[in-house]
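Here is a short tour for anyone who likes to look at a model before computing on it. Have a look at the sequence and the structure, and then read on.

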Protein chains: 2
Amino acid sequence: MTKKAVILLSGGIDSSTTAAIAKAEGYDIYALSFDYAQRHRLELESAKKVAESLGAKKHLIIKFDLREIGGSALTADIEVPKKVGHISPIGHIPVTYVPARNTIFLSFALGWAEVLEAPDIFIGANAVDYSGYPDCRPEYLKAFEEMANLATRVSVEGKIKFKIKAPLLYMTKGEIIRKGAEMGFDYSFTWSCYDPQKDIGHISPIGHIPCGKCDSCLFRAKGFKEAGIKDPLLS
Amino acid sequence: MTKKAVILLSGGIDSSTTAAIAKAEGYDIYALSFDYAQRHRLELESAKKVAESLGAKKHLIIKFDLREIGGSALTADIEVPKKVGHISPIGHIPVTYVPARNTIFLSFALGWAEVLEAPDIFIGANAVDYSGYPDCRPEYLKAFEEMANLATRVSVEGKIKFKIKAPLLYMTKGEIIRKGAEMGFDYSFTWSCYDPQKDIGHISPIGHIPCGKCDSCLFRAKGFKEAGIKDPLLS
């Protein structure tokens, strides 16, 4: 019998590589994305292409408006910082942090996983090239898993023990990209930039080109450089 | 300085009494409700009236569609059971259970509480007249609280320690209603029924009358009987 997994899929490098890993491990993929009034919706286009390219059984996009809560440069009127050549220092939580975002995302994933009877929930959390988000740390993920197993009918009745799987947790961005490339994953479908620019030259499958200056672009560039691979989005 | 609290407010007896208790304890109330495509939306009308009657600083209604996930009589095409005179046995999880619902609700509450810098999140969970929901048990709430304090910037930076407060946890329905009535809370604003009927006689402030047969109506009736108080919705 095929194993089912719910995968949190933003369309970025980490979640897309995570989905590719789950696929390679033999899981049927149930991809879950969120339209949460993030500033740019391009990542949803990326997520769709990634889910399709990996043959996801289903791709669910849940919509809600996190602007009502606010508190982040990604959902409120706070400027995304651009510091050319500068990546936020480790331990500093950037303005792109969204309050309780992974907790909200994992909660929906848990609900869907319960309905699907899928014991494994994959998340592209990373604690090495760590951008400072508290909800990407291993101790957080372990606490969520413990809570999840007390929260649901299928776990309380002993039918399923949920696992939060974060296969990238201890990998550098370079290692992540190398792993994905080895599995034949096409990174031209992924999107990282917080501040997309019009693609005047029509070179990107997503229809936009990255700014190259935001934290997320700098992490991506660093990753491809470490992996010794050319970013297909910049070709 | 006034204390702030986020209160999960469904418009039912438990969450409304919880909000009234928080108010009596001197909190500024930030009420949070969800329009999650539940079968009937009347409880949102109730929640609005309750929030207003308690002078909430803000009442936020977050909208998303749990039908896409399904798995419950409240959000999918499963019939709500009606067994006159019968309440689901303790320990049996009813079909009205919604997968991961309280986890999803508390996650949004956590995000809002972080933005507001409100350390206390109130939920009307109850483990005595327990309808069988795993995510109403004290061990679940404690696990959520532990996870919450690892999840957010304000907690990780030591500014706030979140508490999940469930003041009704060990009270019977009768005790809850008596407590609310003693505080002068008006239960005619609350709504419990899963299967509202047209109010031909125009006696209800909500515009509908309860079916009197679903689990939730039976719990409510039992509570008012125990409290020795007449349900204003049935007068």
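Two residues are in contact here if their C-beta atoms, placed from the backbone, lie within 7 Å. Please keep in mind that this is a predicted model.

Which elements do the buried residues of H2(B) pack against? They meet helix H1 (13–24), strand S2 (27–35) and strand S3 (58–63) of chain B. Helix H2 itself covers residues 42–53 of chain B, 12 residues in total. From first C-alpha to last it reaches 17 Å, close to the 16 Å expected at 1.5 Å a residue. Its buried residues are B:Glu43, B:Leu44, B:Ser46, B:Ala47, B:Val50 and B:Ala51. Because they cover an arc of only 155 degrees around the axis, they sit on the same side of H2(B). As a reminder, an α-helix has 3.6 residues a turn, so residues three or four places apart point the same way. Just after H2(B) comes B:Gly55, with a positive phi of about 65 degrees.

## How the two chains are related

Chain B superposes on chain A through a rotation of 180 degrees, with 0.0 Å of shift along the axis and an RMSD of 0.0 Å. This is the relation of a two-fold axis. The same surface serves both copies, since 100% of the contact residues of chain B recur in chain A. Which residue of chain B comes closest to the rotation axis? B:Phe64 does, with its C-alpha at 2.6 Å.

The interface brings 34 residues of chain B into contact with 34 residues of chain A. On the chain B side, the elements that give two or more residues are S3, helix H3 (101–116), helix H4 (138–151) and helix H5 (153–156). H3(B) supplies the largest share, nine residues. By class, this side of chain B has 21 nonpolar, six polar and seven charged residues.

## Fold and core

Chain A has seven helices and seven strands. Read from the N terminus, its elements run β-α-β-α-β-α-β-α-α-β-α-β-β-α. Of its 235 residues, 50% count as buried. Among contacts in chain A between residues at least 6 apart in sequence, 70% join residues at least 24 apart.

The largest nonpolar core has 134 residues, and A:Ile7 and B:Ile7 have the most contacts inside it. Leaving aside neighbours within four places in sequence, A:Ile7 is in contact with several residues, including A:Thr18, A:Ala22, A:Leu32 and A:Phe122.

## Loop residues worth a look

Most residues other than glycine have a negative phi. A:Glu117 has a positive one, near 55 degrees, and is found in the loop between helix H3 (101–116) and strand S4 (120–122) of chain A.

A:Tyr170 lies in the loop between strand S5 (163–165) and helix H6 (173–182) of chain A. A:Tyr170 counts as exposed because it has 11 C-beta neighbours inside 10 Å. Beyond its neighbours within four places in sequence, A:Tyr170 is in contact with A:Ala127 and A:Val128. Its C-alpha is separated by 9.4 Å from that of A:Pro138, 32 residues apart along the chain.

How values were computed: Residues are numbered from 1 along each chain as its sequence is written. Chains are lettered from A and ligands numbered from 1 in the order in which they are written. This is a predicted model: local features need pLDDT of at least 70, side-chain atom pairs count only at pLDDT 80 or more; totals for chains, interfaces and linings use all residues. Helices (H or I, at least four residues) and strands (E, at least two) are DSSP runs, numbered from the N terminus. The expected span of a helix is 1.5 Å times one less than its number of residues. A residue is buried if 20 or more other C-beta atoms lie within 10 Å of its own, exposed if 12 or fewer, and partly exposed in between; C-beta atoms are placed from the backbone. The arc is that of the directions from the helix axis to the C-beta atoms. Copies are superposed by least squares on the C-alpha atoms of residues with pLDDT of at least 70 in both. Ala, Val, Leu, Ile, Met, Phe, Trp, Tyr, Cys and Pro count as nonpolar, Asp, Glu, Lys and Arg as charged, and the others, Gly among them, as polar. A nonpolar core is a set of buried Ala, Val, Leu, Ile, Met, Phe, Trp, Tyr and Cys residues joined through C-beta atoms within 7 Å.
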